[in-house]
Amino acid sequence: MRLTHRRNTRAIGVLALVSAAIVLGGCASDPGGVTTLNFFQFKGEALEDFNEIIADFEAENPDIRVVQNQVADADTIIRTLLVKDKAPDVITLNANGGFGKLAQSGVFYDFSDEPVLQTINPAVQEILAQLGNKEGEVNGLGYVNNANGVIYNQEIFEEQGLEVPETWDEFIAVCDALQDAGITPFYGTLADSWTGLPSFNALGAYPSQGDFWDEMRAEGENVGPDSPVSFQKDFAEAMDQQYELFSYMQDGYRGKTYDDGNAAFANGEVAMLLQGIWAINPVKAINPDIQAAIFPYPAVDDPDDRLLVSGVDVVVTMGENTPHKEEALRFIDYLFEVGVIEDFAASQNMVPSVQGAEISDDPSLQSVKPYFDEGRITGFIDHQIPPSIPLAAIDQQFLFSGDAQAALATLDSEWAKVAARTIPVNGD
Amino acid sequence: MTTMTEAVRASSTGGTARKRASRTRSDASRAMPAFYWMVWPAVIAFALFHTLPVVIGIFFSFTNYAGYGDWNFIGLSNYINLFKDSRVLQAYGFSFLFAIVATILTNAISLAIALGLNAKIKARNFWRGVYFVPYILAILVIGYVFQFFFSNSLPKILAGIPLFADNILTNETWAWTAIVALAVWQACAFAIIIYLSGLQTIPTELYEAASLDGASPWRQFSSITFPLIGAFFTINVVLSLKGFLQVFDPIVALTNGGPGTATESVTLLIFRGGFSGGEFAYQTANAVIFFIVITIVSLFQFRVLQRREADF
């Protein structure tokens, strides 16, 4: 009996050693002068594209091997890696509020002095800067961008003789004209609560230009109907506009899902979708021949004031103290080469951030190109709202009940509560 | 599942087993060393993977840790803020309403089905197997089937009733009933098994004697069956209430807390606020409070229910 017992411990010991060797082996660099870069990649649909990029890169740089780690739920995993001080060499992430928080805490490399930074569209870097950087640093490089606008069926617009609306009144006139012709203007998909957010972001972008979010943060727990800035003060019109658009939805829009919406739009059942460029690929998967383009929400009276809401879909960065800094930078420089980024953006149906890189000739992308060229883009406002506020749920509730005042009061009180319980880390 | 069966055994076999156990212990002078070798790994593993994380969690509830980066001690602030947070209070309200309704339904339905499965019906083992199937299926998978049913099939089948025609899952007032339906459907499978095992401990002579005396089936149930499975009833009610208070998967599968925050349970709030919301320490404090609440509720239930169990 004792013998078996000892044999078992030995077996367990060997097993532990083997697994430790596997784990450690992943970090060690190969002996033959080849450096292995750990490439953390969040975007599942981009796995194949990056595999091709890596293969080409390795062919050109035989001394570097890049291992792509594509993970689900990257936001959580990158946090655990950073906590354990195991920052990957090269990282791609979605540039959301969480990325801004990480960048602020100073866990990423400072790209201020890197030449690659000069090649990127400054408006894109401005969106990243609004999310957050460590004081005086540039901690991320925008790679490809999305566009949040109204998707419309060009054929339906042509048949009805409609032009792309440039002001709010024209927008409503288009909706009325479609409705009179017996065509449902929009397909609502409120069973998925987040599908209310694209229009909220686009319409809310107008009242929150300038220092709005800085002032909101400065107000903190005092945000309310009487503070200089607040949701109740500044967002009432945007909420009314959103509710007005939702009055043009099909019957039963409360119970339909995002996938239902894409299918209905792809089959020409409705003229428009309140979604962004990300919905084009799933729509084309159902109907490859559809002619769809995008226009920004014309929530203003002057066509020149229109803004396109755009987010950085993929941001590239690297760990602050990676031991393979020089190799990692070489890989990043390669990623931002015009030809590489053009191919990647075209395949992902996104807008490349490098100046001079051509946007693919897809009509949906061409329709938003001028806004990127002129820098008339602004970030997603939900990235400025702390993730602990259930924004999607509050907006969905508002679109059900139509009570804008209650929704805005909830947003203000949630903002104040989160500010009150967010106790900043002090220096020591 | 192991804790469930152990608990049933502990509360059902009463005093006799304990007496017998103590007698054997006094007969043997000392347990064999082998038994210690069997106990220690479990103790160490339990402490390492359960007790230690709990203690660490309680520790972090007194800090402002966001899940990454630096942190400070902030004393009881998290706990004080919890009581000011209307969203937390709403989540507790929802969890308790849900748990109480689901517990009553689960126990009433599964007791009825268990009585049927214990009777002399044809293909009894087959039916017992059928009723156990929901327990084997992964709730998330089955949840998406239910979601399709609620949002696509029911609106077509019951197109005349506005509540169902408009997808009940997006109805702020009634969405919780759909979650109850899924949770009860799954929970019944295990409750039935416990009730069945309880019913089999009742000697058939009792029923024979009762029917000779002319007792009606209802009288037999209320005077013999129900009192004699009292211990099983207790354990089922306590375990269901505890399980339903911690409801998570059915909500994720059906409504994800929506519409609005109408079906947000405490566990969903802890998960969302703590992981995606970046308020790790704050929601850890919430988890500590929730743990205390569940412990108190369960102990209270045991006291009340065990007092009315039949002694035999």
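Author: A patch is built from residues with over 30% relative accessible area and no salt bridge, joining like charges within 9 Å and nonpolar side chains (Val, Leu, Ile, Met, Phe, Trp, Tyr) within 5 Å; accessible area is computed by the Shrake-Rupley method with a 1.4 Å probe, counting only the protein chains shown as cover for residues, and a salt bridge places a side-chain nitrogen of Lys or Arg within 4 Å of a carboxyl oxygen of Asp or Glu. The model is predicted, so local features need pLDDT of at least 70 and side-chain atom pairs pLDDT 80 or more, while totals for chains, interfaces and linings use all residues. Residues are numbered from 1 along each chain, chains are lettered from A in the order written, and side-chain values use heavy atoms, without hydrogens or water.

On chain B, Tyr36(B), Val39(B), Trp40(B), Val43(B) and Ile44(B) make up a nonpolar surface patch with about 500 Å² of accessible area together. Of these, Trp40(B) belongs to helix 3 of chain B, residues 33-60, where a helix is a DSSP run of H or I with at least four residues, numbered from the N terminus.

Turning to the interface, 30 residues of chain B are in contact (heavy atoms within 4.5 Å) with 29 residues of chain A. Three salt bridges are found across this interface, and Arg421(A) and Glu279(B) meet in a salt bridge through their side chains, at 2.9 Å from N to O. On the side of chain B that touches chain A, helix 4 (77-84), helix 5 (86-118) and helix 14 (266-276) of chain B each supply at least two residues, and helix 4 gives the most, with three.
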